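The sequence and structure are shown first, and the description follows.

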Amino acid sequence: MYQLSRRQLLAGVGAAAAAMALAACGGDEDKADDLSANKDGAMDKYGVGDQFKATTALSFPIMLLSNASYPYKADWLFWNELTKRTNVKLEPVVVPGSDYNQKRSVMISGGEAPLIIPKTYHPDEEAYIAGGAILPVSDYLDLMPNLKDQIAKWNLKNDLDAFRQADGKFYLLPGVHEDVWLDYSLVVRTDVLQQLNLQAPQTWDELTNVLRAMKSAHPDIYPMSDRWNNPTPGGCLLGHLSSAYGTLAGWDYQNATWDAGTGKFAFTGAQDKFKQMLQYLNTLITEKLLDPETFTQQDDAARQKFASGKSFVMSCNAQTLVNECRKDIAKISGATVVKIPRLTGPLGNVKQATSRLEGGVMISTKARDSKNFVALMQFIDWLFYSDAGKMFAKWGIEGTTYTGNLDSGIKLAADVNWGGLNPSGTKNLQVEYGFFNGVFAYGGSTKMLNSQFPAEELKFQEVMNARKTLPLPPAHPLNADEREQATLWETALKDHVTQQSLKFILGQRPFSDWDAYVAELKGKNMTQYIDLVNKAYERFKKSNG
């Protein structure tokens, strides 16, 4: 079992200045820290590619999101095999997915959070930094050889800079990908395209013409009706549409967008390209090509319209294509559907700047005082970042749940199915065995990522990977005072952008009101907010040479 002692946490201007100096010289992970009393159970020699196995039996508490699609089971094969391989037993604090963020906040604020806190998405970790509840994990990268190796060989420094705070540290161990990975796009009824002698669209303008032809042939329907309005109306659709315009909207929305032309950040919702994106959607609404309920309806309603032939185009990803879209239209004779590569727009045949990092793991500050701290960090490094750990978390046990390897190809066992890869399998890899759990299985090499895709999705990824990826915006970490001030402005600004965007799209507010709308944003401290962001950017740029 882990054992904790009390340890005083130091803070102050002098400490922050020292951290900034360390960051400027290459990162606070170079900081020396005496861990001689924290090595119980750790391996003396643990490096890239080594199988981690604690030298004594250990157990670590972990917050576990229970996914409604594969609810937590104490008898999953995952748990026993993990202990067998690592000599570590995880003690799950199980939380339903719908309550996860709120429960996490309550437990951390109350000092009751387990040592390992996964399924955290940046910048959620920032809420817990000032109180000293979570560990500055960048101080301890030397304990994580697999992660450190991937940062170096995949050139992830710029990606990680976006996670760093004003003290030069980052407090979240993210999932890391070798390459940019885009999944969400549009699904189109290909049998309808064939009936109308149409080709699958490649640009948003071509989609408009396709929808017009569909509307002409089926005047009583909206040819496109979309889904996924939680937590933002039109979140998914606006996300991949905005990337074609070089802006951010929907699920991807951020108040600040980098403007390479001026070398500064600008307010996203006030930019001309943001306006142009809204005008595009307004055209679809005006011509009755896009269902206005797209921005309010529940997923089931959108799926039902698609399943009954009342719409022909909607958003999807690789899994919903197989598990939902194709199953939904199965009762329509001759119906076929395909997920098309993301449509391009004014930005051209490029991919919008997208981080190769995703949600990851916070470590409770209490862990640093555990006599097993080094073993804990080695264990996390193996499970979340080593090739062997990722293979285990995703595919399970060779010879039991799968055969093959990344080079020869992964083949699920005859009785196991996941993601439609083996439809005849009667046992779901997630539900029955606990593998491919989103708490543990994410990130990795492109080869690892591709192992989960059927041939059809590999072709989609091939098209997407051939596009040039734009550089990420520069880092602009706010200090504690700035973050507190920004928090007071950000929500009101974002809410206003969301509400007024929907009005512009639906024609409830004319675009002749655009200047008035921008003035309303200024009244909500838009200018002061952007000035704050640019100040933070200039400071970070100066401190990092």
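## Lining of the largest cavity

Helix 16 contributes five residues to the lining of the largest cavity, which is the largest share. In this predicted model, helix 16 spans 480–506, and both this helix and helix 9, at 272–286, supply at least two residues each to that lining.

The lining of the largest cavity comprises 14 residues, and those that lie nearest the centre of the cavity are Thr232, Leu238, Gly250, Thr498 and Ser501. When the lining is sorted by class, 10 of its residues are nonpolar and four are polar, while no charged residues are found there. The space within the largest cavity comes to about 130 Å³.

## The second largest cavity

For the second largest cavity, the space amounts to about 90 Å³. Its lining is made up of 14 residues, with Ser243, Ala244, Leu343, Val350 and Arg467 lying nearest the centre. At least two lining residues of the second largest cavity come from helix 8 (235–245), and at least two come from strand 10 (350–351).

How many residues of each class line the second largest cavity? Six of the lining residues are nonpolar, five are polar and three are charged, whereas the lining of the largest cavity has no charged residues.

## Cavities in the structure as a whole

Key
Residues are numbered from 1 along each chain as its sequence is written. This is a predicted model: local features need pLDDT of at least 70, side-chain atom pairs count only at pLDDT 80 or more; totals for chains, interfaces and linings use all residues. Side-chain values use heavy atoms; hydrogens and water are left out. On a 1 Å grid over the protein atoms alone, a cavity is a set of points where a 1.4 Å probe fits but cannot get out, and a pocket is an open set with protein on both sides within 12 Å along at least five of seven lines; lining residues have an atom within 4 Å of a point. Grid points are joined across faces, edges and corners, and a volume is the space filled by probe spheres set on the points. Helices (H or I, at least four residues) and strands (E, at least two) are DSSP runs, numbered from the N terminus. Ala, Val, Leu, Ile, Met, Phe, Trp, Tyr, Cys and Pro count as nonpolar, Asp, Glu, Lys and Arg as charged, and the others, Gly among them, as polar.
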